[in-house]
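I want to look up a few residues and see what surrounds them.

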Amino acid sequence: MIRSTESHVRSVLERLVCQRLAVTPEQLTADASFIRDLGADSLDMIDLILALETELKVRISESEVPNLATVGAALARLCELVEAGPRPAAAPSASEHAV
């Protein structure tokens with residue numbers, strides 16, 4: 001199941017990043033920085049996080065956002081969250097601070 005989870009999360013992440021940041025899948029290397037390499041700004045990151053939370057049915061806490069700076073880090077953490085299943089958020093999610 002881990003392999004299928006990773007494949008699913010990778011597919012969703014790739015699709016959403018390419019759509020929202022107008023980049024190609026080839027640019028999505030594990031060490032690619034969303035901001036430095038893919039041109040995202042803070043609003044792009046909020047939009048991407050909202051979309052990932054909705055699509056993958058997970059919650060990303062505000063404190064986790066700095067740890068999701070690269071494609072590889074985001075993929076790893078999103079896989080962990082998906083594997084853990086839905087859970088109530090103890091802290092506000094990053095998307096709740098977007099308002």
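Predicted model: local features only at pLDDT ≥ 70, side-chain atom pairs only at ≥ 80, totals over all residues.

In which helix does Val17 lie? I looked it up: Val17 is part of helix α1.

Then I asked what Val17 touches, skipping residues up to four places away in sequence. My list reads Ala22, Val23, Leu28, Phe34, Leu38 and Leu48. I also took the C-alpha to C-alpha distance from Val17 to Leu52: 9.5 Å in space, for 35 residues of separation in sequence.

On to the core. I found 28 residues in the largest nonpolar core. Val17 is among those with the most contacts inside it, along with Leu13, Phe34, Leu38, Leu52 and Leu78. Two or more residues each come from α1 (2–21), α2 (42–56) and α3 (71–84). I noted α1 as the element that gives the most, with 7 residues.

Where is Ser33? I found Ser33 in the loop between α1 and α2. Ser33 has 8% relative accessibility, so I count Ser33 as buried too. I traced its side chain to the backbone nitrogen of Arg36, at 3.0 Å. With neighbours within four places in sequence left aside, I have Ser33 in contact with Leu38, Ala69 and Thr70. Leu38 is also on my list for Val17.

Conventions: Residues numbered from 1 in each chain as written. Heavy atoms only, no water. Core = buried A, V, L, I, M, F, W, Y, C linked by side-chain atoms within 4.5 Å. Buried < 20%, exposed > 50% of the residue type's maximum accessible area, 1.4 Å probe, protein only. Helix = DSSP H or I, 4+ residues; strand = E, 2+ residues; numbered from the N terminus. Polar contact = N/O pair within 3.5 Å; in protein donor to acceptor, adjacent residues only side chain to side chain. Contact = heavy atoms within 4.5 Å.
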